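Please read it alongside the sequence and the coordinates.

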Amino acid sequence: MLEIKDLHARAKETEILRGINLTVNAGEVHAIMGPNGSGKSTLAHVLAGREDYEVTHGEVLFQGKNLLEIQVDERAGEGLFLAYQYPVEIPGISTKYFLKAALNSIRKFRGEKRYNSAEFMRLAKEKMEMLGMDKSLLDRGVNEGFSGGEKKRNEIFQMAVLQPKLAILDETDSGLDIDALRIVADGVNSLRGADRAIIVVTHYQRLLEYIVPDKVHVLADGRIVRSGDKTLALELEEKGYALVDGEREAVPSPA
Amino acid sequence: MIASDNRTRQISDEFARFHTGLESQAPPWLTGLREDAFRRFEDLGFPTTRQEEWRFTNVKRIVETEFALAERPAPLSRETIAPFVLDEDYLRLVFVNGHYVDDLSATDATPHGAVVSSLSAGLTDHPALIEDHLGQLASDDNACFAALNSAFIRDGAFVHVPRGVVVERPIHLLFISTGNSSPTASHPRNLIIAQRDSQATVIESYVGLNDGVYLTNAVTEVSVAENAFIDHCKLQQEGGDGYHIATTQVRQQRASRFSSHYFSLGGRLVRNEVNVTLADEGCECTLNGLYVAAGDQHMDNRTRIDHAKPHCNSHELYKGILDDRAKGVFNGKIYVHPDAQKTDAKQSNRVLLLSDDAVIDTKPQLEIYADDVKCTHGATVGQIDETAMYYLRSRGIAEDLARSLLVYAFANEIASALELEAVREHVERFLLAGQRLTEL
């Protein structure tokens, strides 16, 4: 599904990703953990195609295609989805309008028939029910005046409607209370399937109690310094990222 | 300016004909009002860009065009005006080239005691009421076009809402210019009087029917008495060769509310003024505006709010979208008089420039002569927000469509504030079509 090989990326003059290697297979859920500033969000946005970052080295294959050569909107068409850590507010355009445009853009990209309003509404309402969301949200401006939790839930709602092949959740859990966290986790778990993959970027182990990962990676200083199964997350919870700091020293970076 | 002098002479001849013709039957006070106004017009002459108030708007093309007073045209069918009728349930007054057309109007459902009629009918039926109010608010001492309007007062809308009456149905004033083979001018004059504790919604729309050069020079006076509420909406959708100069002059009494939603969507050269005096305590005033210009369109938006007394709130948001070589002007003045303590005034003008050649001159002005007030103003001019672009694109929306959606979203913040569903949908349709988003 996703193959990242020796990926280096920088923002302005600062190198943030310094040789990421990661393979995610269909059907898997990976968690990427790490301290603040380790490059977790950068990795998420480089995969989504944010132009603020420049990839200086390396390769990313997504379903066999060179992801880095694909336009931002076409990446979504190919099945990539990023749930933002800080979703953008767009007053003046309703969630309904926006999401229908997104869904039909993706369907068009895939050569599928447009959804008309009734078809879209049926799908949207079904997903909102699943996520316990109020239908009035559809008519509100995109994220306009939403609380932090509402914004995160709206990201998961969009994901549920767009049904991506690969979903990347960028710290979707931070700032959520336990009820909202469960709802988000339910939404993510309902997407799990043999032909999909999920990358959960998080600072905390808590979310991983609800979304149980197949693999856990620890990112520090722009590199994956440790990988393991779900027990790694528990270990980190106990010992903190100091554990990682120790290991980083043990594995000197190639000059 | 020789062109200006010649033109003034032509208008002078026209005024003489106007006066001795149909309008010679007018009551003496009205004749006097017109004559005084015409003298003021002659004294003032047409403005030039050397005058501060007109620095950014050159009316040379209006001055150099020989506009003749627009005649009553051949009758229009209901089908012809159908696209401009916002809602069949609204009360409606239709004017074609400034002339009232009873056949196309709908005033049957006017509540008892209220008046929704043409100004000409009002002059016959309610002369004292009109004499008391007409020309009292719209000071044309320093406004050439308003003076010209007063000189040529012939018709327009007259709305009177008596004490305690609520007119539930919105009142739609529809001004259609047919556009003719030679340039014509009309001078609609509207008078809206809301007595104590009354309430009404008034929509003015100005549309062009065919190609052709014409001038609409409109003045609307709105008197909002104690504890009354007027919701005022204006849709400016003149034709591509239409010139539109207009002033809305409002006076609010104690604890009254007035809100204005102005949409400037058409015309070639447009100048719209909204002037509000908060004459007593506890008034609320909202001025919202949206101007959308492309090609070589020029849109000048001016507002003035006079806070004359304490404890009044005014809230103003104007947004502009300028593409191609379009030019926009925003001049918003908030004048807080020495008496007006505890004034709360907010003003903001936000502009989206879609092309390198589009120009905006924005000038927010606060003049504050009281010391215990809260006043803010701000102006932002920018391009499409790249973060929002990225967000939309990362959801699969292609760049062109994402850009269109964001332009639409920017404009729609003003449109979506409209409580009138038919008007909101009308504006939204316009905005969607402008961004080629109809297929959504």
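This is a predicted model: local features need pLDDT of at least 70, side-chain atom pairs count only at pLDDT 80 or more; totals for chains, interfaces and linings use all residues.

E171(A) sits in the loop between strand 9 and helix 6 (178–191) of chain A, and its phi is near 50°, a positive value in a residue other than glycine.

In chain B, D324(B) is found in the loop between strand 17 and strand 18 (327–336). Phi of D324(B) is likewise a positive value, near 50°, in a residue other than glycine. The surroundings of D324(B) are described by 13 C-beta neighbours inside 10 Å, and D324(B) therefore counts as partly exposed. The table sets out the two residues.

| Residue | Phi | C-beta neighbours inside 10 Å | Class |
|---|---|---|---|
| D324(B) | near 50° | 13 | partly exposed |

## The six-stranded sheet of chain A

Chain A contains an open sheet of six strands in the order 6-9-10-3-11-12, with mixed pairing. Its edges are formed by strand 6 (80–83) and strand 12 (223–228) of chain A, each of which pairs on one side only. From one strand to the next, the twist averages 20°.

Helix 5 (residues 148–162) of chain A lies across strand 6 and strand 9 of chain A, and it runs at about 165° to strand 6 of chain A.

## The ten-stranded sheet of chain B

Chain B holds an open sheet of 10 strands, again with mixed pairing, in the order 3-2-6-9-11-13-15-17-19-21. Strand 3 (99–100) and strand 21 (374–382) of chain B are the edge strands, each pairing on one side only. Strand 2 (residues 91–96) and strand 6 (residues 171–177) of chain B run parallel and are joined by six bridges, and in this pair L93(B) stands opposite L173(B) of strand 6. Helix 9 of chain B packs on the sheet, where it touches strand 15 (284–293), strand 17 (313–322) and strand 19 (344–353) of chain B, and its direction makes about 150° with that of strand 17 of chain B.

Within the order of this sheet, strand 11 (residues 229–237) of chain B includes H232(B). H232(B) is buried because 23 other C-beta atoms lie within 10 Å. Beyond its neighbours within four places in sequence, H232(B) is in contact with V202(B), V222(B), F258(B), S259(B) and S260(B).

## Helix 8 against helix 9 in chain B

How do helix 8 and helix 9 of chain B cross? The axes of helix 8 (residues 386–393) and helix 9 (residues 399–415) of chain B come within 9 Å and cross at roughly 125°, and the two helices are therefore oblique to each other. The crossing is right-handed. Helix 8 of chain B contributes A388(B), M389(B), L392(B) and R393(B) to the contact, while helix 9 of chain B contributes E399(B), A402(B), L405(B) and L406(B). Sorted by class, this contact has six nonpolar, no polar and two charged residues.

## The contact between the chains

Between the chains, 21 residues of chain A are in contact with 21 residues of chain B. On the side of chain A that touches chain B, helix 2 (72–78), strand 7 (90–94) and helix 3 (95–109) of chain A each supply at least two residues. Helix 3 of chain A gives the most to this side, with seven residues. By class, the residues on this side of chain A divide into 13 nonpolar, five polar and three charged.

Conventions: Residues are numbered from 1 along each chain as its sequence is written. Chains are lettered from A and ligands numbered from 1 in the order in which they are written. Helices (H or I, at least four residues) and strands (E, at least two) are DSSP runs, numbered from the N terminus. A residue is buried if 20 or more other C-beta atoms lie within 10 Å of its own, exposed if 12 or fewer, and partly exposed in between; C-beta atoms are placed from the backbone. Two residues are in contact if their C-beta atoms, placed from the backbone, lie within 7 Å. Two strands pair if DSSP finds at least two bridges between them. Axes are lines fitted to C-alpha atoms, for helices over the stretch in contact, and angles run from 0 to 180 degrees between N-to-C directions. Ala, Val, Leu, Ile, Met, Phe, Trp, Tyr, Cys and Pro count as nonpolar, Asp, Glu, Lys and Arg as charged, and the others, Gly among them, as polar. Angles under 35 degrees count as roughly parallel, over 145 as roughly antiparallel, 65 to 115 as roughly perpendicular and the rest as oblique. A crossing is left-handed if the near helix is turned anticlockwise from the far one by less than a right angle, and right-handed if clockwise.
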